[in-house]
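Subject: Structure handover

Hi,

Here is the structure I promised to send over. Please open it next to this email. My notes on the side-chain contacts follow.

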Amino acid sequence: MSDLIHEGPKDPNKPPVPGEEKPTTERERNKKVYTYVAILFTVAFLLILWTFFMNQRSINEIKDGNTALQSTLQQNDSLEAHIAELEEQLANSEEDKKALDETVGLQSNQLRALDWLLEIENAYNTGDLDAAKDNIRSFEETGTVEFLPKEPLRTGITGDDAPSPAARYQSIVDKLFPDGVK
């Protein structure tokens, strides 16, 4: 019902009452709307521009991180290659050690066998045949007979090869035990 109430014309000489709006023209209202829209578009543009720069900064940080990661991966690959090389060297060293241990073991057994042969030859050459026979029996029991070198260890004075330790031992055994060692 308030639509039906009509207010009278306003007195132009009357001072404006606070809270009462001054009448504006259509053009002034459009100008205010355009100004408001321009401000909103400017703020939106500034926000988009700020977002763009923040994205660029993030992209640069990601690129820097990727570069550091690639560098770390390259170092990792290099270290893995170095580890593989060291493992191969270790395996070769272990094989060499095993071969050397076998050689040392064989030479140790040969040394023991040659020591037994020296004892037997000394007893035989001094005429103590019973001691030579006892030494041969003990030597056979230890099983180190098989470690006597089958090849000559040196060349004789005449230029011929000296008999091998195994041949010298067999010669004494054949003389002391013609029927075999008992």
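Asp101 is partly exposed, with a relative accessible area of 44%. Its salt-bridge partner is Lys97, and their closest N and O atoms are 2.9 Å apart. Lys97 is exposed, because its relative accessible area of 51% is over 50%. Both residues sit in helix 1, four residues apart, which puts about one helical turn between them. Please keep in mind that this is a predicted model.

The salt bridges come to five in total.

Helix 1 covers residues 26-125, and Glu26 and Arg29 are three residues apart in it. Again, about one helical turn separates the two. Arg29 is partly exposed, at 42% relative accessibility.

Arg168 and Glu121 form a salt bridge too, with 2.7 Å between the closest N and O atoms. This pair links distant parts of the chain. Arg168 is in helix 3 (residues 165-176), Glu121 is in helix 1, and they are 47 residues apart. Glu121 has 15%, so it falls under the 20% cut-off and counts as buried.

Now the rings. There are three aromatic pairs. Trp116 and Phe139 make a stacked one, 5.6 Å centre to centre with 25° between the planes. Trp116 lies in helix 1 and Phe139 in helix 2 (residues 129-142), so this pair ties together parts that are 23 residues apart in sequence. Trp116 is partly exposed at 24% relative accessibility. Phe139 is buried, with a relative accessible area of 0%.

Phe139 also pairs with Tyr169, this time edge-to-face. The centres are 5.1 Å apart and the planes are at 85°. Tyr169 is in helix 3 and Phe139 in helix 2, so the pair ties together parts that are 30 residues apart in sequence. Both Phe139 and Tyr169 are buried. Together, Trp116, Phe139 and Tyr169 form one aromatic cluster.

The charged end of Lys133 sits over the ring of Phe177, 5.9 Å from the ring centre.

Best wishes

Note on methods: Residues numbered from 1 in each chain as written. Predicted model: local features only at pLDDT ≥ 70, side-chain atom pairs only at ≥ 80, totals over all residues. Heavy atoms only, no water. Salt bridge = Lys/Arg side-chain N within 4 Å of Asp/Glu carboxyl O. Buried < 20%, exposed > 50% of the residue type's maximum accessible area, 1.4 Å probe, protein only. Phe/Tyr/Trp six-rings, centres within 6.5 Å; stacked < 30°, edge-to-face > 60°. Lys NZ or Arg CZ within 6 Å of the ring centre and 35° of its normal.
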